[in-house]
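The exercises below each set a task and then work through a solution step by step. Please keep the sequence and the structure in view while reading them.

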Amino acid sequence: MVTVATWNIENFFSPGTEFGPATQAIFDRKVALLASTITGAGVDVVALQEVGDLGAFDALLAALGAGWTGQLSTFFEPSHAIRVGFATRIPVTATSEYADIPLQLQGVPTDDTGAALTRMGRGALRVRVSVNGNDLDLVSVHLKSKLLSFPGGRFQPHDERERARYAAYALLRRAAEAAAVRYFANDLLDGHGTTRRLMVMGDFNDGVDAATTQIVNGPPGSEIGTGGEDQPDAGDGWRLLNLAPLIPPDRRFSRIYRGNRELIDHQFVSRALRSSIRSVTTISGAVALPSIDDRATARKDAPISDHAMVVSQLDL
């Protein structure tokens, strides 16, 4: 049995950095809570989002204990250098990255300047591990947030027309990034999803039924819980199946936004992995998830994270 998780660990920076907590004690507490939640869940590999500086990442790996190693993406936005990564106690045998927006979508407007969108804000990172002789490819992603920002670093619009435009820009960017993730999955699957074991996971910043999430699914049909789930078809070589329906209903959320429970962190698996899934749940750790809103742009002194960890067990 192998346990694989994904977790947005929220602005994980060292104290003394621009986005880090006020004191070393606050940072040390967060590291301890993150590590105890991961190890307490028996996790073997965790895809991480919102990892800041390397010092913070090294502190987490040290807290996880002997045998844990890490990989971080080299693609991130310099203005807020959060990136995706992995912490694992299973040796990594291969890695690759992807950040290119599909050429045909690079004209998608993402702000009032009309600048071309050529790269994902946080690139996707793939690691390969081997479990009982079976190769398992794992991808960590983090798509554009639904929380809006405006020119000059503002979090409030000048007027409602600007708000409407920037809401559309955020959606268009997230959709383009979802297409980029799908391109990466296409490359990794190469039409062999019935034999290649692939899991794409992370913070998609959209729900199960959102258009962006559906882009990542690939060919429609055979979704978990539907009548076609067990019916092989031509799309199986490319399809990714969202594990969300397997999460117990009372745990089927990974963030609380304005008091509403949302599942925006997902794990998708290729057809080859579907039969290996034994359980899926969410774990929020020792601190209850806060209810956040559009004004909650940076909780530097947060004790752990505003996201729950999504955890699946696989029998390989």
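## Exercise 1: Helix α1

In helix α1, the residues Phe27, Lys30, Val31, Leu33, Leu34, Ala35, Thr37 and Ile38 are buried. The model is a predicted one, and the tasks that follow concern what can be read from it.

**Task.** Describe the extent of helix α1, and say which elements are included in what covers its buried residues.

**Solution.** 
Step 1. Helix α1 runs over residues 24-40 and has 17 residues. From its first C-alpha to its last it reaches 24 Å, which is close to the 24 Å expected at 1.5 Å a residue.

Step 2. The cover over the buried residues of α1 includes β1 (2-12), β2 (45-51), α2 (54-64), β13 (277-283) and β15 (309-314).

Step 3. Just after α1 comes glycine 42, which takes a positive phi of about 70°.

## Exercise 2: The largest cavity

**Task.** How many cavities of 30 Å³ or more does a search of the whole structure find, and which residues line the largest cavity?

**Solution.** 
Step 1. The search of the whole structure finds two cavities of 30 Å³ or more, and the largest cavity has a volume of about 50 Å³.

Step 2. The lining of the largest cavity is made by Glu10, Asn11, Phe12, Phe13, Pro21, Ile26, Phe27, Lys30, Arg299, Lys300 and Ala302.

Step 3. At least two residues of this lining are supplied by β1, and at least two by α1. Phe27 and Lys30, which belong to the lining, are also among the buried residues of α1.

## Exercise 3: Strand β4 and its partners

**Task.** Find which residues of β4 point one way and which the other way, and then place the strand beside β2 and β3.

**Solution.** 
Step 1. Strand β4 covers residues 83-88 and is mostly covered, with six of its six residues buried.

Step 2. Arg83, Gly85 and Ala87 point one way from β4, whereas Val84, Phe86 and Thr88 point the other way, and all are buried.

Step 3. β2 and β4 run antiparallel and are joined by five bridges; within this pairing, valine 51 has arginine 83 in β4 as its bridge partner.

Step 4. Strand β3 (residues 69-72) also pairs with β4 in the antiparallel sense, over four bridges, and here glutamine 71 has phenylalanine 86 in β4 as its bridge partner.

## Exercise 4: An open sheet of three strands

**Task.** In what order do the three strands of the open sheet stand, and which are the edge strands?

**Solution.** 
Step 1. The order is β11-β10-β14, and the pairing in this open sheet is mixed. The edge strands are β11 (260-262) and β14 (291-292), since each pairs on one side only.

Step 2. Strand β10 (residues 255-257) pairs with β11 in the antiparallel sense over three bridges, and isoleucine 256 stands opposite arginine 261 in β11.

## Exercise 5: Asparagine 242 and proline 249

**Task.** Trace the surroundings of asparagine 242, and then state where proline 249 lies.

**Solution.** 
Step 1. Asparagine 242 is found in strand β9 (residues 240-242), and with a relative accessible area of 10% it is buried.

Step 2. The side chain of asparagine 242 reaches the backbone nitrogen of alanine 244 at 3.0 Å, and it makes a polar contact with the side chain of histidine 266 (3.4 Å).

Step 3. Leaving aside residues up to four places away in sequence, asparagine 242 touches Val208, Thr213, Asn217, Ile224, His266, Gln267 and Phe268.

Step 4. Proline 249 lies in the loop between β9 and β10, and with a relative accessible area of 67% proline 249 is exposed. Proline 249 and threonine 281 are 32 residues apart in sequence, and their C-alpha atoms are 9.4 Å apart in space.

Key:
Residues are numbered from 1 along each chain as its sequence is written. This is a predicted model: local features need pLDDT of at least 70, side-chain atom pairs count only at pLDDT 80 or more; totals for chains, interfaces and linings use all residues. Side-chain values use heavy atoms; hydrogens and water are left out. Buried means under 20% relative accessible area, exposed over 50%, partly exposed in between (1.4 Å probe, protein chains only). A polar contact is a pair of N or O atoms within 3.5 Å; within protein, one must be able to donate a hydrogen and the other to accept it, and residues adjacent in sequence count only if both atoms are side-chain atoms. Contact means heavy atoms within 4.5 Å. Two strands pair if DSSP finds at least two bridges between them. The expected span of a helix is 1.5 Å times one less than its number of residues. On a 1 Å grid over the protein atoms alone, a cavity is a set of points where a 1.4 Å probe fits but cannot get out, and a pocket is an open set with protein on both sides within 12 Å along at least five of seven lines; lining residues have an atom within 4 Å of a point. Grid points are joined across faces, edges and corners, and a volume is the space filled by probe spheres set on the points.
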